[in-house]
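The sequence and the model follow.

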Amino acid sequence: MPLGLEAQSGTTVAKTAVPDPKAEAIIARAIEVSGGNSYLSVTTVIGRGFYTPFQDKQPQTPTRFLDYLVFPDRERTEFTSSGIRTIQTNTGETGWVYDGATKTLTDMKAGQIADFKRSMRTSIENLLRGWWKKDGASLSYVGRREAGLARRNETVRLTYPDGSSIEYEFAAREGLPAKVIYKRVRTKADSDQTEEVTEEDHLAKPITMGGITAAWVVDHFVNGAQVSRINFESIEYNKPVAESLFTKPLNAKSVK
């Protein structure tokens, strides 16, 4: 990720963003209602549930998942469908994939690594835990937006030195994270051409476990059309996660 440095007259200097008190207050409240110090003390998350893709606005067959997340940049997700397991594992700049259907073990491609890094950059964790500061991003207040009948969301924006930005909406009444919005460039299907799309994560069904409140339903949209839903059945915080889960096995037969 970029470190927020720019060259001026042959000298490299750090860019310092001016704090936005309104935006900082919204984040502070979001941290408080998410669990305060208990939330900030989380280092591992183990989630279980179902991932459902959508096609033409219709839900398809759900796939069971088991997700291990170790902050700030390690994640292993296991998908199981019809007895076949697929594993996607990321550790910073590296990653590997096990395909249970073909019994193959491969390194992640550059595009897959980029997708993971984007998911971490756009996450609520990145905003609330302040990881964006080391990348030289600036925080600003955008304003209030309609969020349904008699409801409003407060909106803040992170802007990075490379020009990319992410908007985060928080329920004005409760203070909890409600939506994430960002743009990205992708390759069109069956084409070498690229297009810019708007992606959104809608966060719903907040549940408090162990003093920590988080969304247990995440709906993902591309250009206004829903493409997936994540529905958690359980979330555990600060449970031990074995280092071996992230280590690439010697071969496909060694996958556990």
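The structure, a predicted model, holds 3 aromatic pairs; rings of Phe, Tyr and Trp (its six-membered ring) pair if their centres lie within 6.5 Å. Planes under 30 degrees apart count as stacked, over 60 as edge-to-face and the rest as tilted.

**Tyr51 and Phe79**
- The ring centres of Tyr51 and Phe79 are 6.1 Å apart and the planes stand at 70°, so this pair is edge-to-face.
- Tyr51 belongs to strand E3 (residues 44–55) and Phe79 to strand E6 (residues 74–81), 28 residues apart; strands are DSSP runs of E, at least two residues, numbered from the N terminus.
- Tyr51 is partly exposed at 29% relative accessibility, and Phe79 is partly exposed at 22% (buried is under 20% relative accessible area, exposed over 50%, partly exposed in between; 1.4 Å probe, protein chains only).

**Phe65 and Phe232**
- With centres 5.5 Å apart and planes at 85°, the rings of Phe65 and Phe232 form an edge-to-face pair.
- Phe65 in strand E5 (residues 63–70) and Phe232 in strand E16 (residues 225–237) tie together parts that are 167 residues apart in sequence.
- Both Phe65 and Phe232 are buried.

**Charges over rings**
- Lys22 lies over the face of Tyr141, 5.3 Å from the ring centre; the criterion is NZ of Lys or CZ of Arg within 6 Å of the ring centre and within 35 degrees of the ring normal.
- The charged end of Arg74 sits over the ring of Phe246, at 5.0 Å from its centre.

**Basis of the values**
- Residues are numbered from 1 along each chain as its sequence is written, and side-chain values use heavy atoms, leaving out hydrogens and water.
- Local features need pLDDT of at least 70 and side-chain atom pairs count only at pLDDT 80 or more, whereas totals for chains, interfaces and linings use all residues.

Key. Helices (H or I, at least four residues) and strands (E, at least two) are DSSP runs, numbered from the N terminus.
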